[in-house]
Amino acid sequence: MGFQIGPWTVIAATALATYLLRIAGYVLMARVPITPRVKRALEALPGSIFVATVAPIALKAGVPGVAATLAAALGMYVTKREMPALAAGFAVAAGLRALGM
């Protein structure tokens, strides 16, 4: 019989790794002076993470995915609220899919 790792061990290890990474971020940023350049970089980070995760998915989905992403972005820009922006994106995706795209 070989060594087996149970699911609870994997869950606990993942939780510990997540906790340590979060703590490491706080410890690291406590030692970084917040200059204007660092502040600009930190402010741009959420947008770049969004683009890095959403753009490949939208492009893989084709025209409906890109149109839905643009509709959601426009909805967020106009309303500044997540739910209407998501509704706009879902509506565009569903409408285009219903049209056979």
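Modeller: The axes of helix H3 (residues 63–79) and helix H4 (residues 82–98) come within 7 Å and cross at roughly 155 degrees; axes are lines fitted to C-alpha atoms, for helices over the stretch in contact, with angles from 0 to 180 degrees between N-to-C directions. H3 is therefore roughly antiparallel to H4 (over 145 degrees; under 35 is roughly parallel, 65 to 115 roughly perpendicular, the rest oblique). Helices are DSSP runs of H or I, at least four residues, numbered from the N terminus. This is a predicted model, in which local features need pLDDT of at least 70 and side-chain atom pairs pLDDT 80 or more, while totals for chains, interfaces and linings use all residues. Residues are numbered from 1 along each chain as its sequence is written, and side-chain values use heavy atoms, without hydrogens or water.

In the contact (heavy atoms within 4.5 Å), residues of H3 including Ala67, Ala71 and Gly75 meet residues of H4 including Ala85, Gly89 and Val92. By class, this contact of H3 with H4 has 13 nonpolar, three polar and two charged residues (Ala, Val, Leu, Ile, Met, Phe, Trp, Tyr, Cys and Pro are nonpolar, Asp, Glu, Lys and Arg charged, the others, Gly among them, polar).

H2 and H3 pack at about 140 degrees with axes 6 Å apart, so H2 is oblique to H3. Here Val54, Ala58 and Leu59 in H2 meet Gly65, Val66 and Thr69 in H3: four nonpolar, two polar and no charged residues. Just after H2, glycine 62 takes a positive phi of about 80 degrees.

Technical notes:
Helices (H or I, at least four residues) and strands (E, at least two) are DSSP runs, numbered from the N terminus.
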